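Please read the briefing below alongside the sequence and the model. It takes up helix packing, a ligand shell and some backbone details in turn.

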Amino acid sequence: QSIQKIILHRLHMRLNNPFTTSFGTMQDKDFFIIEVIDQDGHQGFGESAAFSAPWYTEETVETTLHMLRDFLIPLIQKHDFKHPQELTKIFQAVKRNNMAKAAIEGALWDLYAKQQNISLAKALGGEKETIDVGISIGIQPSIQKLLQSIDNALQQGFKRIKLKIKPDQDIELLKEVRTEFPTTPIMADANSAYTLDDINLLRELDQFNLMMIEQPLAHDDIVDHAKLQQHIQTPICLDESIHSFQDVKKAIELGSCQIINVKSSRVGGLTESVRIHDYCKEHHIPIWCGGMLEAGIGRAHNIALTSLANFTLPGDTAGSSHYWQRDIIQPEVTVENGTIQVPTKPGIGYEIDREALQYYTVEQQIFTL
Ligand code: OSB
Ligand code: MG
C-alpha cells in the first residue's frame with residue numbers, strides 16, 4: 001500500500017454520561033487513533049477499542065500500545081502488501097490481541113478504500129444505504145431513571161433498546177420496564193453475570209418477549225450457553241465469547257446462540273468480520289454490530305461494516321452526541337428516525353476534525369517506513 005508514515009495519537013475523552021455495566025462504571029476513554037499515510041498523501045484512520053482495565057476482554061490501552069509499537073507496526077514495516085486482507089496472514093506472528101490488530105487493520109482498510117476512491121462500505125461489500133440503530137443503556141441508579149432513559153431513547157427514534165441486567169437487577173426490573181413499554185423491541189445484555197445455576201431465573205426471562213439475551217454466561221464459554229439455549233425460549237446472542245471466525249463456526253455447530261454480536265475490534269478486524277458475516281448469512285444466523293463506546297472514527301468503521309446485508313438487526317451505533325460533547329469527525333454521526341445514512345465518500349466517509357483531535361491528544365508517536 002506504499003505506506004510512508006504511521007502516527008499513533010493517544011486521546012483522552014470524557015463521556016457525557018458515565019456508562020455502567022455489571023463490572024463497574026466508565027467515565028473516561030483513553031485510546032489511540034492510528035493514522036496511516038501513503039506516498040500520495042492519502043490518510044487512513046483507525047481507532048483502538050480496548051479500555052483502561054481488562055474487564056471486557058484481557059486487552060487494555062497499555063497492551064494495545066505494546067502490541068502496536070513492538071510487534072504490529074514492525075510487521076507492517078517489514079512486509080509489503082497490496083490489500084488489507086493480507087494482514088490476517090502477516091499478523092499470525094502475533095497470537096490474539098485482536099483489538100490491537102483491529103485498530104491498525106481498520107486504518108489500513110480506510111487507506112485502501114481511499115486509494116481505490118471508493119467508500120469503505122463498498123470496499124467491504126456493503127449494500128445498504130441506511131442502517132438501523134439501537135441504543136445500549138447502561139445500568140441506571142434507579143428504575144425511574146431507567147424508564148426515563150428508555151422513553152428518551154424512543155423519542156429520539158432508536159429502533160431497539162438494550163438494557164444491562166445483572167443478578168438482583170433482572171426480573172423485577174424487566175417487569176417494570178414491560179409494564180411501561182409492553183411492545184417496544186427490547187433486549188438484555190448480562191455481560192456474563194450468570195452461571196448455569198441460574199437456569200430457573202433465566203427461564204423466567206421468557207415471559208418478557210425479549211428480542212434476545214446477550215452473553216448471559218461466562219465470557220469464555222460456548223458449551224454452557226448451548227445447554228442453556230435448550231432450556232430457554234429467548235434467543236441467546238453471544239458477544240464476549242466470540243473472538244474469531246472459528247469461534248462462530250463452533251458456536252453455531254453447538255447451538256450456543258441464535259444471534260451474534262459482531263465487533264470488529266473483538267474479532268481482530270474488518271476482514272475477519274466480513275468472513276463471519278458471510279458464514280452467518282449462509283447459515284441463517286442474524287447478526288448485528290456491537291459498540292465499544294467508540295469515538296467517531298471507530299463508529300465510522302462500525303457503520304461501514306453494518307452496511308453488509310446480513311446485519312439485519314439494529315446495532316449499537318448511537319450517534320456522536322450521545323457520548324461526546326464534541327466528536328473528532330466532521331460531520332458528526334447523526335441518527336435520524338433511528339437510522340444512519342451510510343457515507344458514500346471515499347474511505348470512512350467522514351473528515352477528521354484536526355482541531356478536536358489535537359484538543360484531545362495527550363501523546364503522539366510517529367513511525368516511518
Ligand atoms: O457488552 O456490548 C457490550 C460497551 C462497552 C463494553 C461492552 C459493551 C458495551 C455496550 C455499549 O453495550 C455499546 C455502545 O458502544 O454504544
Ligand atoms: Mg455485550
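A crossing is left-handed if the near helix is turned anticlockwise from the far one by less than a right angle, and right-handed if clockwise. By that convention, the crossing of H9 and H10 is right-handed. This is a predicted model, in which local features need pLDDT of at least 70 and side-chain atom pairs count only at pLDDT 80 or more, while totals for chains, interfaces and linings use all residues. Residues are numbered from 1 along each chain as its sequence is written, and chains are lettered from A and ligands numbered from 1 in the order in which they are written.

**Confidence**

- The protein chain has an average pLDDT (the predictor's confidence in each residue, from 0 to 100) of 97, and 100% of the residues score at least 70.
- For the model, ipTM is 0.99 and pTM is 0.97.

**Helix packing**

- Helices (H or I, at least four residues) and strands (E, at least two) are DSSP runs, numbered from the N terminus; axes are lines fitted to C-alpha atoms, for helices over the stretch in contact, and angles run from 0 to 180 degrees between N-to-C directions.
- Helix H9 (residues 245–254) and helix H10 (residues 270–282) have axes that come within 9 Å and cross at roughly 25 degrees, and H9 and H10 are therefore roughly parallel to each other (angles under 35 degrees count as roughly parallel, over 145 as roughly antiparallel, 65 to 115 as roughly perpendicular and the rest as oblique).
- In contact terms (C-beta atoms, placed from the backbone, within 7 Å), Phe 245, Val 248 and Lys 249 of H9 meet Glu 272, Arg 275, Ile 276, Tyr 279 and Cys 280 of H10.
- The residues of this contact of H9 with H10 comprise five nonpolar, no polar and three charged, where Ala, Val, Leu, Ile, Met, Phe, Trp, Tyr, Cys and Pro count as nonpolar, Asp, Glu, Lys and Arg as charged, and the others, Gly among them, as polar.
- Helix H5 (residues 143–155) packs with helix H6 (residues 171–180) at an angle of about 40 degrees, their axes being 11 Å apart, which makes H5 oblique to H6.
- H5 and H6 cross in a right-handed sense, and their contact joins Ile 143, Leu 146, Leu 147 and Ile 150 of H5 to Leu 173, Glu 176, Val 177 and Glu 180 of H6, a set with six nonpolar, no polar and two charged residues.

**Ligand shell**

- Around ligand 1 lie Tyr 56, Ser 136, Asp 189, Asn 191, Asp 239, Gly 290, Gly 291, Met 292, Leu 293, Asp 316 and Ala 318, each with its C-beta atom, placed from the backbone, within 6 Å of the ligand.
- This shell has four nonpolar, four polar and three charged residues.

**Backbone details**

- Most residues other than glycine have a negative phi, and most peptide bonds are trans.
- Asn 191, although not a glycine, has a positive phi of about 40 degrees, and Asn 191 is placed in the loop between strand E7 (186–189) and helix H7 (199–204).
- The peptide bond from Gln 330 to Pro 331 is cis, with omega near -10 degrees, and Pro 331 belongs to the loop between strand E12 (329–330) and strand E13 (339–341).

Note on methods
Contact = placed C-beta atoms within 7 Å.
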